[in-house]
Amino acid sequence: MTNRLNEIKNVTLMGPGPSTVPKEIYEAIAKPTLGHMDPRFIEIMDLIKTYLQKIFNTENKCTIPMSGTGSAGMETCFVNLIEKGDKVLVLINGVFGTRMEDVAKRLGADVDTLEFDWGTSVVVEDVKKKLDSNHYNMIAVVHAETSTGVLNPVEKIAELLKGKNSLLLVDAVTSLGGVEVNVDAWGIDAIYSGTQKCLSCPPGISPISFSDRALQKLKHRKTKVPNWYLDLSMIIQYWENSAGGSTRSYHHTAPINMLYATYQALRLILDEGLDNVYKRHLEMHKILAKELDALGLSFLVDEGCRLPQLNAMKLPEGIDEAKIRTKLLVEDGIEIGGGLGPLAGKVWRIGLMGHTAREENIKNLIVALKKYL
């Protein structure tokens, strides 16, 4: 019987995720598996929490990695903080805002939306007008919209909520580790991310952080959290007690080796330094932009709200974009992404996330594209 794993070769992952994984993380994930109550593993758990607090820029005690990809993080935030009838405002300018809307509606929330053209930023003044005439239990927004390459002004949106009894929920799946995310200074109440983007770790873990206000909302729910697996009121008892296996309350078996990988990914970022990481992403974006401009490709998103780590490029008329993406993958070992929703067939999404954000990767991509454009 053929072992299909033997046929897998290295691919330079320059799409919207996952990103290229460095060797140190592969080495970490291959370490011997420990039990989820082993004191040595619990030491790693505590370090992961500390590292996540640094990268999220928060002192929130409830800053932990959830078992599952970024979508599990999204559901964690909604199922723990929303009850039937709660009023929720979702700001939408891409695919992942629409997913927030879907999840909130499934929980029976009274969902209102404020929609903006795909490829444009959330307009803060429009949000202000909405908030001036309505009260919401929660406002939800995507920080880095992966489907379009837009960076939304979360800090300014958070300013609008100061003094209001509304929770701010933020999707940071593509922003964490690529651009600044400052949970405490901005006043974010709940936030989630994923390991497979700018953390350059395989998919499977979703870091989250809940403020004290969010935890109070959870504590005073009138109904049980409707999802057992993602119920933070139980999971916290595993992650937040003092070190030592005997003080922990088992909930579900932790994905041990994925947490090794997460630990190593966070260490690599902190060793490089957050400011240096952000600077590298921006510098690589500028190099890519210059090269793509020379090829006659232009950005979907205006420079003022453009993501350095996810570049959505408008395509020239008359090219078979899917065919070129296939050639890049099969012949050159480079993966880039196509458009989603109304942007399908109209844009390429080129990722410069985490370990992928290297000049040699950009050079290889440009050499390959010159063959096909």
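Modeller: Asn-57 is partly exposed, with a relative accessible area of 28%; buried stands for under 20%, exposed for over 50%, and partly exposed for values in between, with a 1.4 Å probe and protein chains only. The model is predicted, so local features need pLDDT of at least 70 and side-chain atom pairs count only at pLDDT 80 or more, while totals for chains, interfaces and linings use all residues. Residues are numbered from 1 along each chain as its sequence is written, and side-chain values use heavy atoms, leaving out hydrogens and water.

The backbone at Asn-57 deserves attention, as phi there is near 55°, a positive value in a residue other than glycine. Most residues other than glycine have a negative phi, and most peptide bonds are trans. Asn-57 sits in the loop between helix H2 (39–56) and S2; helices (H or I, at least four residues) and strands (E, at least two) are DSSP runs numbered from the N terminus. Ser-200 also has a positive phi near 55°. Its place is the loop between strand S9 (190–192) and strand S10 (205–210). Ser-200 counts as buried because its relative accessible area is 4%, whereas Asn-57, at 28%, is partly exposed. Pro-18 belongs to the loop between S1 and helix H1 (23–29).

The side chains may now be considered. The model has 14 salt bridges, each defined as a side-chain nitrogen of Lys or Arg within 4 Å of a carboxyl oxygen of Asp or Glu. One of them joins Arg-40 to Asp-38, with N and O 2.8 Å apart.

Another salt bridge is formed by Lys-105 and Glu-101, whose closest N and O atoms are 3.0 Å apart. Both residues belong to helix H4 (residues 95–106), where four residues, about one turn of the helix, separate them. Lys-105 is partly exposed, its relative accessibility being 47%, and Glu-101 is buried, at 16%.

What does the salt bridge between Asp-332 and Lys-371 link? Its closest N and O atoms are 2.7 Å apart. The pair connects distant parts of the chain, since Asp-332 is in helix H12 (residues 321–332) and Lys-371 is in helix H13 (residues 359–372), 39 residues apart. Asp-332 is partly exposed, with a relative accessible area of 25%, and Lys-371 is exposed, with 52%.

Nonpolar side chains complete the account. Val-11, Leu-329 and Val-330 make a nonpolar surface patch of about 240 Å². Such patches take residues with over 30% relative accessible area and no salt bridge; nonpolar side chains (Val, Leu, Ile, Met, Phe, Trp, Tyr) are joined within 5 Å, and like charges within 9 Å. Areas come from the Shrake-Rupley method with a 1.4 Å probe, and for residues only the protein chains shown count as cover. Val-11 lies in the segment before strand S1 (12–13) and counts as partly exposed because its relative accessibility is 32%.
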